[in-house]
Each structure stands twice: as C-alpha cells, then as structure tokens.
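Trainee: Could you take a close look at the aromatic rings for me, and go through how they pair?

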Amino acid sequence: MYVQALLTLSSVIRQYEWTVARGFKAPDGYRKEGLFINGQLPGPLIEANWGDTIQVTIHNNISGPEDGTAFHWHGIRQNGSPWMDGIPGVQQCPIPSGKSFTYTFTADLYGTSWYHSHYSAQYADGLFGPLIIHGPKTVEYDIDKGPIILSDYFHATSLTLEELAVGTDESTVVPFSNNNLINGRNSFNCSRIAANDTTPCESNVGVSKFRFTPGKKHRLRLINAGGDGQQKFSIDGHNMTIIAIDFVPIKPYDAQVVTVGIGQRVDVIVKGLDTTGAFTMRSVLASCSDDYQPLATAIVYYSHKVLVSNSTAWPALKDSLADCGNDDISLSVPWYPITPTEPTVTQEMVIGLTQNETGHYLWTINNSSFRANYNHPVLLLSNKGNNSYPDSPEWNVYNFGNNASIRIVLVNPGFAVHPMHMHGHNFFILAAGPGEWDGSTIINPLNPIRRDTLLIPAYSYTVIQFEADNPGAWPFHCHIAAHVAGGLYVTILERPDEIAKLKIPDIMAQTCEDYVEWQQHVVVDEIDSGV
C-alpha cells in the first residue's frame, strides 16, 4: 500500500499516561456514574505527526467493583505490531484492576480518528477520545478547529446496556439513547426523566461553542464516537467541503449535510462568512437510530458579543434523516489512486439476529455469534502455531491463509443498519445497494473509495476487498455497542505462516499471567461477547 512506501519513521515518541477509574459526571445535566480517563469526558487528545511513535500507559484503577479494560486505536493499521490493536481475547488479555500496560505503536496513517475501550461496552460509559495525526495537506485551509466528537449518550450504565443487548426482549436488543452530544455537551430537559428517578438533574446546562473567523477556511474533524446513533451533521448557513473520510484524503466535494456512522470520521472545510452573527451547528440522529432526543446543537459564532443563534437549518438536513446508508460512494474519490487486484478468495458473510436455547437474543454472522475467551487471545495462539479451534466455533475465526487479496460480500437481510469496522486495514468499497449484488457492478473500479468503517443499511449488500499485506488477527464487527455485545463479530486471520514468525513482546504473556492471577479473587461476569 502507498502509505508504507511514503511513510518515514521519526525518532519522536509521543508519551501519554492515563488513569482509568470510575466517577460521576453530568455532561447534559443528568448525573451519571461512568468510567473516565484522567477524569475527563471525552478523554484526552492524542496528537502526533505521521511516522511518530505513540506510547500510552494505562493504569487500571477501576474499583467498586473491579473490572478489566483494554484500548483500541481506531483505524491504526498496526503493521508490524498487531499485538497492540487492543482487543481482549483476540490480541491480548485484559488489563486487570490494579495493573498497568503500555501500548506502543507507529502513527502509520494520518488524519482524524479516535480511541476507545474495546472491553464489553465500556466506551459507552466514557472511555473514548480523539486521535489526530498530522500529515501532508491535500487542500489548503487556514485554521484547524480540531476534533468535533459527535456521540449519542445513555443515562444507563454500560452494564445495563449489555444486559438489555443480550436479553429476551427484542424491543430492547438495541437500547434507546437519552441524548446526543457535541464535544461532550448538550442540554437536557430534566422534566423528561421518570417520576421515580431521584438522580440529580439540571436542565439547560449549555452547549459547545466554536469561534469562526470571517473569510478564513476552517478544518473541522468530525468523529462519531457513539454507541448506537448515525449522525447527520450540518451548520446553518454554511456549506462544507469534504476533504477526507476516515484516514483517506479524497478529492474535495461540497455538501450541506454529511453522514457520520459510528466509528467513521469526516474532515470538512468551512469558509467563514462575512458576519458578526451566530449560527447553530447541528448533529441529528438519523431515523434508523434508537433515541429519545436526536438533536445535538452547538454555537458557531464570529464575535463574543453575539452568542445566541436564531438561524434556520438547511432543508437538506431534514431530507437526509430517512437515508441510513453512506453518503454517495461515487463522490468519494481517493486523492491517491489505488486499483484493486483480482481477489484470490471471496467470502460471503450474512448478518442475522437469532435467539439461543434460553431465549436470549444474539447477533450472528453466517449463523454464528461471537464470544471472546479472555484467557486465550487468538493472535498469541496463532503465534504458537495453533490455528484450529474445533472446540470453540463461537470464536468466529476466518482463516484466509496466505491469500493475497480478500473479497467479502456482506449481506444484511434484516431490519437494522450496521456500521461495520475492520481493524488492520483500509478496505475498498466496491459496490453497495439494496437487495443482492449482481456479481459484476463495481463503483469507480480503477480507484474505489477506501475506508475502515462502512454503513450497510437494512435489506442491502456491500462488497469490500482488501490486500492481505498485514499479518495478524483482525476484528471485523458492527460498531453499534449493543450489536457487537450480542456477537456481531468475526476475526480475520491473515497470513498465519507469517504470524508464527512474529517476535511478540513478553509483556503480552505477562499481561495474561496477571489476568489469570486477578481472576483468583474476582469472578468475571462476561454476560455479552466481551468486546
């Protein structure tokens, strides 16, 4: 891939030290217990230049009760360091309470992304934050406004969400969010809480604000870090120029509304107007999302004297809410062209929802629901030559051997949209549409869009392909927290012969030993898939 050819490693190490612990916050006025990094929501910004080394030390201080954790660096390919991808039961054992672990990896792509806990649904409790890697400009702009994190918000804890996700009531398989936030803020009407809910709540606590400069071009880095909702983003009175999706710069095109599915990122440039007024920034959950309050707002202002907006939303915003797919794929043309090769293998993956023998709902791929084994990470087993799991079909491992180019035909015959994320790769999106693929149609065949997260709407298909140039055990899963909790996940085992040659650091085995020791006094109640 071209990123490897152009990437120059630097000697700079960007070091971060985090403590993960329980606490209470009220970002929308409703006081909720959560999990936080250094007491922050969203978590601290990671910032680096392309080619730098990023080093993050996690101190797990979770107590009352104790729990494990693990962190994923969304979109980072981890080429040469697949053990640092951060998925418990896949590349590592969880970090137990009272222990620390240091993630070290190369900033191997550039642009906008985020990080989050990948241990059950912990990130819905607050364990997420922005990850910005600076690299070459493809389009000029004047001011980088930094990350704008869009996230639906649940007043329930992640444990409650997990219990609902794998419960026996189909209506709660995807729990409803209570609010929608921009950079961790939005107001909430406390009169809407249940009559018997005595939780402290303050209405109208305020929203985020962003200052624009007339005539200047502002870069906004949009990130959907939510647990369920698909975001439709717009700024009243302002047009946007889209310049990148996920970690892939694209040829610019204009829009008044952009779609950002969970895990997706969209970089836009917005030119400041010749005004001293204020305008409303809006992020609205699409109609296919499950929510009680879909609208998040913030203020774009040009003068401290005017901080109140009376602006009107673009008509296109309302019109977009019924569309639960990606924005028009044909409009996203990568700046650097790559033509996919002929696939050496094609795998169909059909998404499903079923009930097990006890009546609990599970999400499946090809009729199998995933469940992690925290004590036996797939990558570490493969490194030792164990690539066969006859007694563990629920590990959902797809061993593609030494195939050079892998095509996956995703089929979604059900009622829900799924933001599907692949670790370790930017994949080509070759085709997408309702019903079934005709087996031949490919969009922009010489330079199809590449990204690491796609939206596959209800009753539709998507065809993706990636070059098997990154040996490892790579998760491919839905990024809706309740869906992956319910098992909508597979592991792609890539080039196992080369995995066996990896020099995996001893700290990975030591973390597993620490986890086993911790289990001697803590019962791990893994009620969901574990990731």
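**Aromatic pairs**

Mentor: Both F279 and Y302 are buried, a term that stands for under 20% relative accessible area, with exposed over 50% and partly exposed in between (1.4 Å probe, protein chains only). This is a predicted model, in which local features need pLDDT of at least 70 and side-chain atom pairs count only at pLDDT 80 or more, while totals for chains, interfaces and linings use all residues. Residues are numbered from 1 along each chain as its sequence is written, and side-chain values use heavy atoms, with hydrogens and water left out.

There are 19 aromatic pairs in the structure, a pair being two rings of Phe, Tyr or Trp (its six-membered ring) with centres within 6.5 Å, stacked if the planes are under 30 degrees apart, edge-to-face if over 60 and tilted otherwise. One of them joins Y119 and Y374, stacked at 5.2 Å centre to centre with 20° between the planes. This pair links distant parts of the chain, 255 residues apart, since Y119 lies in the loop between β7 (111-117) and β8 (128-134), and Y374 in the loop between β21 (361-365) and α4 (378-383). Y119 is buried at a relative accessible area of 3%, and Y374, at 3% relative accessibility, counts as buried too.

To return to F279 and Y302, their ring centres are 6.2 Å apart and their planes stand at 85°, so this pair is edge-to-face. F279 belongs to strand β18 (residues 278-285), whereas Y302 sits in the loop between β19 (295-301) and α3 (315-320), 23 residues apart, and the pair links distant parts of the chain. Elsewhere, W18, F71, W73, F101, Y103, F105 and Y115 make up one aromatic cluster.

Methods: Helices (H or I, at least four residues) and strands (E, at least two) are DSSP runs, numbered from the N terminus.
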